[in-house]
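Please have the sequence and the model in view as you go.

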Amino acid sequence: MPSRYWTAFFTILVVFLCSSSDACKAGQSKCRVFDVTRFGAVRGSQDNSQAFLAAWSAACRFKGKATFVVPKGTFKLSPVQFKGPCYDGASPSVKIRGVLQALPGSSDDNYWIKFSDLNRLSVGGGGEIDGQGADSWSGNKCNKECKLSSTTLKFDRVRDSRVARLSLLNSKAFHIKFHRCDNIDVYGLKISAPWNSRNTDGIHIAVTNGITIRSSIIGTGDDCISVGQGSRNVTISNIICGPGHGISVGSLGRYENEMDVVGLVVKNCTIMHTANGLRIKTWPGSSKSRASGLLFEDINMIDVSNPIFIDQKYCPGNDCSSEPSKVQINDVKFRRIKGTSRTKVAVNLLCSSDAPCSNIELDDIRLECSAGGECRTTSSCTNVKANFSGVQIPSPCL
């Protein structure tokens, strides 16, 4: 066969392989797939962390479009950190198509899989990440101080990136944590753990600006999504949440000098069979900080305890300061919240005497008893300035 045909054949083959693995874009001449099995990863029971790190190191250094691939099959891993920066300030595209399983037992690391110091990162692929966390849940304690097992996926100092189309289950502690991140898009996730798996938040956000979480199903033993200190410009939409503790801001005020939470939108979500619905929680005796510019709208509640709950006496261990919380909560809007409450008090605004809540708006609230019959929901207000408009079920407490 003439050499020009071989040249054409290999050119077509390279283009096909790169495009099929999302490794190249049109007009891009350099692309490569870094399959972990080519770096020594083996399906089965052995620890593959060194092979994964070798594949990542090669992909991160590659002078072109790199795709880091975990093929189908089950791979065991001890804690690994995929660290940047990578070539030209970009990052390999990560495709997890198989199953990752954590090795049994506890670890001194506060993460299992960590991505750090990276730009333009994409993590997805439709695979499964199993934290194997059942043996850790009884040890997850978070009273005055937190002692938690490892987070399954931790993102630290990651910018302009995407996490999509993955299943996570049975984390030892939080399933996903974003810390010191900017401009993140999260969608198409399925996160699950049993209702009694302590401190297994689905997604936790802290010191992060500009994150969107959408179109996902989350059910765990703690908050489906928790928005922690230093979070700004967060949008949460089209989430199905349950079981768990609902969608929460906080807890805030546990530590000194926490940063404010400013700018949150939660919309078009369904919360079902959870211990709380929409919750803002702050610790007694906290130092000063602020939570403001929060909007919750078009939320459907199904058999939820405490559907709307501002709790400024949050104290899960019942061993807290007697001093009031100093976290200032203001400019919070609850609009078009409907459904059923498992608790008689469906709206509970329990604010601080030192920093009363201000500019709290409730518009078109329809929360009736799950039990039906003669049951009627009620509301409770403490240290709060609130405005009520539209339909109010339960009746306003002011």
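The notes below cover the overall build, the cavity, the cores and some backbone details.

This is a predicted model, in which local features need pLDDT of at least 70, side-chain atom pairs count only at pLDDT 80 or more, and totals for chains, interfaces and linings use all residues. Residues are numbered from 1 along each chain as its sequence is written, and side-chain values use heavy atoms, with hydrogens and water left out.

**Overall build**
- You will find two helices and 28 strands in the protein; these are DSSP runs numbered from the N terminus, with helices being H or I of at least four residues and strands E of at least two.
- Of the 398 residues, 51% are buried (under 20% relative accessible area, with exposed over 50% and partly exposed in between; 1.4 Å probe, protein chains only).
- Contact here means heavy atoms within 4.5 Å; of the contacts between residues at least 6 apart in sequence, 77% join residues at least 24 apart.

**The cavity**
- A search of the whole structure turns up one cavity of 30 Å³ or more, where a cavity is a set of points on a 1 Å grid over the protein atoms alone at which a 1.4 Å probe fits but cannot get out, and lining residues have an atom within 4 Å of a point.
- The largest cavity holds about 60 Å³ of space, a volume being the space filled by probe spheres set on the points, which are joined across faces, edges and corners.
- Its lining includes Phe-52, Phe-68, Val-94 and Phe-115, and β2 (65-70), β4 (80-83), β5 (93-96) and β7 (111-119) each supply at least two lining residues.

**Nonpolar cores**
- The largest nonpolar core has 84 residues, and Phe-115, Phe-155, Ile-203 and Ile-236 have the most contacts inside it; such a core is a set of buried Ala, Val, Leu, Ile, Met, Phe, Trp, Tyr and Cys residues joined through side-chain atoms within 4.5 Å.
- A second, separate core of five residues includes Phe-34, Ala-59, Phe-62 and Ala-66.
- Beyond its neighbours within four places in sequence, Ile-236 touches residues including Ile-213, Val-227, Leu-264 and Lys-267.

**Backbone details**
- Gly-84 and Pro-85 are joined by a cis peptide bond with omega about 0°, and Pro-85 sits in the loop between β4 and β5.
- Another cis bond runs from Ile-393 to Pro-394, with omega near 10°; Pro-394 is in the segment after β28 (384-393).
- Asp-160, although not a glycine, has a positive phi of about 50° and lies in strand β12 (residues 151-169).

Note on methods. On a 1 Å grid over the protein atoms alone, a cavity is a set of points where a 1.4 Å probe fits but cannot get out, and a pocket is an open set with protein on both sides within 12 Å along at least five of seven lines; lining residues have an atom within 4 Å of a point.
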